[in-house]
Amino acid sequence: MTTYIIRRLLLVPVLLFGVTVLIFGMLQFLSPVERTALYVRDFPKNEKAIEGLIKRYGFDQPFYVQYWTWLVGKVDKTTGEREGGIVYGNFGYSRSASQPVAELIQRRFPNTLDLTIWAVAPMILIGIWLGVQAAVHHNGFIDQAARVFSIVGTSFPTFVFGLLMLLIFYANLHWFSPGRLSDEFNRVIESDAFRHYTTVLTIDALLNGRFDVFLDALRHMFLPILTLSYINWATFLRVTRGSMLETLRMEYVNTARAMGLPERDVIFKHAQPNAMLPVLTLAGFSIVGLLGGVVITETVFNFPGIGSAAARAATSLDVVAMLGFALFNGFILIVANLVVDVLYAFVDPRVRLS
Amino acid sequence: MRKMFALLSLLVIASMALSACGGTAPTAAPSTGDTTTEATEAPSTDTGTDAPAAAEFKSADPTTMVVANAEVATDTFDPALAYDTASAEIIQNTYETLVFYDGEATDKFVPMLAESWELSADGMTYTFKIRSGVKFHEGQDLTASDVAYSFQRGLLQGGTSSPQWLLAEPFFGVGVDDVSVVVDPEGTLYDDRELLSAFDSAAVVAACEKVKSAIVADDAAGTVTMTLAQPWGPFLPTIAQSWGAIMSQSWVVENGGWDGSCDTWQNFYGMASADNPFSGIINGTGPFTLEKFANGEEIILARNESYWAEPAKLERVILKQVPEWGTRFAMMQAGDADLAVVPAANRSQMDELVGIYQVFDLAANTYGPEQEVCGYDDSALAAAKFTACAAGETGNNGQFRLRIGRPALQMDVLLTNWNIATSEESPNPYIGSGALDGNGIPADFFSDVHIRKAFAYCFDFETLLNDVFSGEAVQSYQLPLAGMPGYFPDTAHYSYDPAQCEAEFKLADLDKDGIAAGDDPEGDVWTTGFRVQMGYNQGNATRQTIAEILAGSLASVNELFLVETLGLPWPAYLRAQRAKQLPLMTGGWLEDIHDPHNWYQPYTTGTYGGRQSLPDDVKAQFRDILERGVSETDPAARAEIYKEANTLYYDLAVGIPLNVTTSHGFSQRWVQGVVLNPIFPGNYFYTMYKD
Amino acid sequence: MTALTPSGDNTLLGQDVATRKIGRLERFLGPENYRILTGLLKTPASIGGLILIGFFIFIAIAAPVIMPPVTPNDPYKIPRDGFRSDPRPMGSEWTRNVPDIPFWYKAVTGKDEWVHIMGTSEGQYDIFYGMIWGTRTAFQTGLVVTFSTFLIGIIYGSISAYYGGIVDNLMMRVVDVLLILPGILAVLILAAVLTPRIGKSLIPAMAALIAFGWMGYSRIIRGDILSVKERDYVLAARVIGVKDSRILFRHILPNAIFPTLVLASLAIGDVVLSFAALSFLGIGTEVGYADWGQVLSFARNWITSLNTYWYIIVWPGLTLVFFVMGWNLVGDALRDVLDPRMRGKT
């Protein structure tokens with residue numbers, strides 16, 4: 001187990017290196033002038049400005065020089081100060097967000113984390129619950145209904161579902177609005193009285209005893225949560241159902257039945273725990289996916305998370321920000337996968353033994 | 001597994017409670033939705049039913065102005081380097097300049113940080129008397145040397161992406177657009193700090209000395225003297241913009257800026273906004289201070305209580321980034337935002353809710369009286385949508401105020417490329433076969449004046465103005481704008497005329513056999529036809545439509561004439577235009593200063609002239625006119641000079657001026673005191689209040 | 001004692017062992033494929049799915065007949081009826097860029113002139129035209145992307161598994177790196193970068209979806225091959241001197257590919273979804289190209305007024321949902337049929 005973890009950890013820098021080289025490589029499709037496009041939002045009034053920007057940011061230099069500069073930074077010959085350099089913890093400046101990348105991630109990630117915390121439970125639990133029901137009542141009405149329901153869910157493009165939710169709950173009913181927080185509560189959390197313990201808004205609101213802020217934050221997250229859940233239930237439903245059906249046909253379940261245990265206990269005490277293993281893996285991957293930011297959902301609901309920032313960076317070809325997000329994402333993914341694997345080993349004795 | 005069910009039921013209950021909260025919140029909690037209902041109901045119960053209608057519109061928070069922008073993304077707050085309107089808006093509200101615009105006038109100036117000024121008889125030396133008793137936000141006193149330092153710093157920091165070229169020309173002479181050219185007239189040092197530092201140090205110091213001798217402060221007398229390289233008609237407009245704002249020398253030095261020494265200035269030359277210590281902090285003398293700066297989210301300005309004049313009426317101004325139009329619309333409807341950016345495409349949604357409006361009166365050059373709306377017709381265009389109330393009639397009580405009809409200071413011009421770049425190695429993808437065979441155009445297609453005129457006659461201005469701008473634009477007849485020397489309300493211009501278009505095509509001689517296309521037995525453009533692509537930058541719906549209109553009318557004149565519209569992503573568009581590959585394009589220009597020079601320079605000898613590959617002799621003709629124009633200070637004489645430029649531009653059909661849009665701005669009804677000077681980069685909050 | 005000689009008469013057996021008539025179709029398709037087919041035709045959901053897919057195939061093929069193109073050299077350009085921004089309601093008059101009247105039009109609508117059947121979207125793009133021709137776009141992107149990813153995945157996975165050792169290790173690390181990039185974001189970056197190179201068209205988005213879509217297949221195939229490698233009969237074959245490559249490429253792959261291919265083809269729905277998402281974010285085809293995601297993105301500015309302009313989101317939304325649902329319904333049934341754990345159960 002330990003050697004396994006060490007091996008995985010050793011792989012981390014290799015993978016991150018691969019990811020950054022890949023992104024850098026993709027950008028080589030663009031000519032220096034095209035890469036300058038991010039720095040000029042409209043045609044510069046002074047024609048010479050583009051040359052200046054190309055020179056200043058070294059876009060005309062070969063691939064490996066640019067990569068190396070990004071990695072270790074550039075020393076200003078006159079002042080001796082080092083600019084940039086990822087190994088010195090300087091992630092650079094995002095033009096699309098007009099702020100340093102590190103600050104951007106720091107500001108956006110707690111929001112994404114908040115959304116993840118609240119979206120995970122309904123997304124996974126309802127999927128599992130429906131899946132178990134569908135398996136227990138195999139080919140019965142519940143099974144068919146749950147499947148149709150979930151298929152419709154997977155068939156909805158996220159943004160169409162999101163737009164429809166906005167149409168109903170925002171434009172018509174005025175129940176839930178997009179964004180992060182209402183203005184009045186924005187003022188509350190910016191006041192000095194509101195202490196930011198964790199920077200995760202809902203948790204901070206509870207710690208400060210401000211239930212109004214807490215509820216307002218939840219109200220703003222309700223539609224994104226609903227959207228994420230509905231579209232993801234289906235996967236959980238399918239995996240749970242399949243796994244459950246398989247388990248229910250195993251010998252030991254039949255034995256339990258034969259011993260006269262009530263069907264309830266057979267299903268929920270004996271079959272379900274074993275059927276949950278593949279679901280656990282899936283849940284792990286889903287959470288990791290959410291932590292990386294959900295591009296479309298955050299964009300549709302104007303939610304200030306990592307995903308919407310990343311979408312913006314990608315569409316405006318903000319190289320520096322894209323690299324920052326990729327590094328961050330890769331890091332989260334690798335660590336989270338590791339955690340999932342270790343947890344898995346604890347849950348499943350077969351993995352532990354091998 | 002029981003646990004899971006417990007959890008699940010908890011979750012269901014929680015979500016039910018949540019949705020219940022959501023459902024009842026607008027009535028139970030003081031949430032966003034009901035601020036207006038409260039505000040509108042409260043007075044009516046107090047004052048009874050016969051209260052005047054306007055009294056119903058009260059903001060919940062009368063001292064805070066909330067502005068919902070699509071984007072809150074400033075480049076830098078360093079006045080010397082900021083050259084985007086978002087930054088300039090903040091700078092204009094927090095920093096101050098020597099002179100400022102007189103209300104809504106674009107060409108009259110009032111004292112601001114300068115109490116008075118004098119211009120020497122030769123038109124080359126300005127002496128400004130600096131106001132005393134002015135303090136910066138952080139308490140420093142304003143001195144004459146602060147003023148001189150700010151201008152010196154700006155010129156020396158230079159760089160081609162900054163606005164300093166506007167100041168460099170009056171101080172160093174026409175054509176010298178950056179301080180690096182003063183150091184090395186060869187122009188090898190543009191934007192390159194390393195090369196500049198390595199350059200002959202005597203020349204480097206000399207450039208700085210030159211700047212310092214041109215701008216001299218006398219702290220005892222409280223004056224600053226500026227000596228120009230040549231008489232410069234539009235000098236006051238140039239220093240009234242954000243790049244003429246005054247910073248505190250001691251504060252700049254404290255925060256790691258230039259120390260004022262001629263030995264170190266090169267270390268600050270051509271600075272990028274990301275490395276600039278003054279990109280995110282502000283210490284000006286203006287009526288507002290920067291309270292919060294979260295780029296990409298919001299900017300909060302707070303009232304400067306120790307302002308040298310009467311403090312502003314608003315306590316705070318919040319600029320919020322709200323990217324989705326729908327959300328901004330909802331904020332306006334709920335009264336949560338006082339001002340919002342409304343895309344032209346979505347104006348009709350707001351128009352329906354307008355209760356009071358003002359139409360700009362072109363003749364009087366000011367907005368007309370406020371009128372209540374009594375009728376709304378969505379099939380009409382622009383101001384004609386609204387019917388004003390007759391005396392004694394009560395309006396529709398719509399919640400918004402609309403100001404409409406003022407021409408903007410931005411113009412679109414249809415441009416042709418006289419010598420389209422193409423070569424064996426990189427064949428131009430936008431000109432088809434590159435030959436006159438009906439499947440492309442030759443590279444010199446547009447160097448034939450008849451072709452250019454034919455295109456001009458084939459542009460359907462009517463459709464552009466009515467369909468694209470819903471009647472909220474006027475056709476431009478010339479480059480200068482109304483109110484400038486060189487603007488003539490009626491002058492020779494092109495209008496849509498398919499017969500003329502056909503006649504001009506038949507006069508063209510593209511195979512250069514000396515026989516016009518209409519009579520050419522071997523066939524010419526009229527019989528072969530052509531195929532050309534007109535690119536526009538993706539996302540710019542207006543430019544897309546301009547291309548489609550042109551394509552439609554050309555095809556109706558001769559079905560062999562094929563213009564394909566092509567949306568290019570911004571980077572590709574930038575590259576193609578830089579490489580002079582685009583055969584046809586729409587150019588837009590937003591003026592820096594309200595002066596014809598700022599219009600003719602880019603469209604002939606400058607930026608766009610270059611992209612059009614104008615031949616040297618044409619450029620020389622224009623350069624001659626422009627040099628005479630800019631050094632002349634008498635407006636009437638200048639008008640005559642620019643009239644020559646107008647005629648030349650029209651005769652050669654260098655470009656086809658398309659349109660100037662007219663303003664269409666919304667606010668809540670309670671927003672008062674707005675100064676709508678079109679040259680302002682954004683809102684000027686000092687005079688605003690809510691009532 | 002009577003000698004036990006086979007009589008050739010098996011009729012008695014029929015009484016003890018249940019037998020089933022094998023139809024001509026079953027004989028033609030083979031038992032496994034026949035089982036898949038009957039499995040598909042048994043559930044109402046998958047029949048519904050097949051009908052939906054059939055319907056869209058019909059529309060795609062008949063597009064020029066249903067909706068004659070206004071610009072025959074570029075039929076994917078949605079005709080604009082003017083340039084104003086406000087959408088116009090269903091049934092409003094069509095005045096500019098009017099298509100020819102097809103034969104069905106009068107009979108179905110009872111009108112002599114074209115109207116905007118589904119209204120127009122922001123910028124006066126005809127929604128109905130976009131839906132009809134967008135069906136072709138959907139099939140094009142879906143088919144090309146799915147089969148390319150599948151092919152690349154199979155080849156890559158087989159090579160990796162075949163060579164094994166350090167080659168396998170390296171090749172799988174490349175897959176790891178590609179998987180670390182968050183899915184849609186990686187596609188977004190590549191498509192955004194390719195667009196200035198290639199130009200606004202279907203290609204950049206398709207290329208990006210292909211580049212980041214094949215890793216799953218390669219992993220599946222590699223896993224299959226590796227597990228088969230350890231099987232007894234492979235060992236036996238190896239002992240008698242049959243080459244590994246022969247075993248893999250002659251016997252294992254062809255058998256493994258078919259069910260995976262069926263599943264892969266059902267990913268068309270997902271591909272169309274991703275493609276629409278890219279269009280929605282503004283990456284993909286040119287403005288005005290007949291593409292469902294594009295038409296949907298026109299609705300973005302009208303969210304708060306959707307009460308009035310509901311048709312600009314409902315029609316394209318429904319079209320897209322039904323298309324994807326068709327594939328998903330069939331896919332769900334197929335997964336059950338193909339799942340070995342479900343075999344024998346109905």
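## Confidence of the model

Chain B averages a pLDDT of 85, and 92% of its residues score at least 70. The structure is a predicted model, and these scores give the predictor's confidence in each residue, from 0 to 100. One stretch of chain B stands apart: over residues 1–55 of chain B the pLDDT stays under 50. For that stretch the model has 58 contacts beyond four places in sequence.

The mean pLDDT of chain A is 80, with 92% of the residues of chain A at 70 or more. Among the elements of chain A, the highest mean, 87, belongs to helix α5 (residues 101–136) of chain A. The lowest mean, 57, is that of helix α16 (residues 349–353) of chain A.

## Two domains in chain A

The domain assignment divides chain A into domain 1 (2–94) and domain 2 (101–352). The C-alpha centres of domain 1 of chain A and domain 2 of chain A are 33 Å apart. Where the two domains touch, domain 1 of chain A contributes 16 residues and domain 2 of chain A contributes 19 residues.

On the side of domain 1 of chain A that touches domain 2 of chain A, two elements give two or more residues: α1 (2–27) and β3 (93–94) of chain A. The largest share of this side, 9 residues, comes from α1(A). By class, the residues on this side of domain 1 of chain A comprise 12 nonpolar, 3 polar and 1 charged.

## An open sheet in chain B

Four strands of chain B form an open sheet in the order β4-β5-β7-β6, and their pairing is antiparallel. At the edges are β4 (114–119) and β6 (215–218) of chain B, each of which pairs on one side only. From one strand to the next, the twist averages 15 degrees. Strands of a sheet pair through backbone hydrogen bonds, either parallel or antiparallel.

Which helices lie across β6 and β7 of chain B? One is helix α4 (residues 144–157) of chain B, which also lies across β5 (125–130) of chain B and runs at about 165 degrees to β6(B). Another is helix α8 (residues 201–214) of chain B, running at about 50 degrees to β6(B).

## Further strand pairs in chain B

Elsewhere, strand β16 (residues 400–416) of chain B runs antiparallel to β20(B), and 7 bridges join the two. The bridge partner of Thr416(B) in β20(B) is Leu584(B). Strand β20 (residues 584–590) of chain B is mostly covered, with 5 of its 7 residues buried.

## Two loop residues with positive phi

Most residues other than glycine have a negative phi. Ala382(B) has a positive phi, near 50 degrees, and is found in the loop between β14 (371–376) and β15 (386–388) of chain B. Is Ala382(B) buried or exposed? Ala382(B) counts as buried because 20 C-beta neighbours lie inside 10 Å, and 20 or more is the cut-off for that class.

Asn397(B) likewise has a positive phi, near 60 degrees. This residue, Asn397(B), is found in the loop between β15 and β16 of chain B. With 16 other C-beta atoms within 10 Å, Asn397(B) is partly exposed.

Chain C contains 15 helices and 4 strands. Of the 346 residues in chain C, 44% are buried. Among contacts in chain C between residues at least 6 apart in sequence, 73% join residues at least 24 apart.

In the contact between chain C and chain B, 17 residues of chain C meet 21 residues of chain B. The side of chain C that touches chain B consists of 4 nonpolar, 8 polar and 5 charged residues.

Note on methods
Residues numbered from 1 in each chain as written. Chains lettered and ligands numbered in written order. Predicted model: local features only at pLDDT ≥ 70, side-chain atom pairs only at ≥ 80, totals over all residues. Contact = placed C-beta atoms within 7 Å. Nonpolar A, V, L, I, M, F, W, Y, C, P; charged D, E, K, R; others polar. Buried ≥ 20, exposed ≤ 12 C-beta atoms within 10 Å, placed from the backbone. Pairing = 2+ DSSP bridges. Domains from an automatic or database assignment. Axes fitted to C-alpha atoms, helices over the stretch in contact; angles between N-to-C directions.
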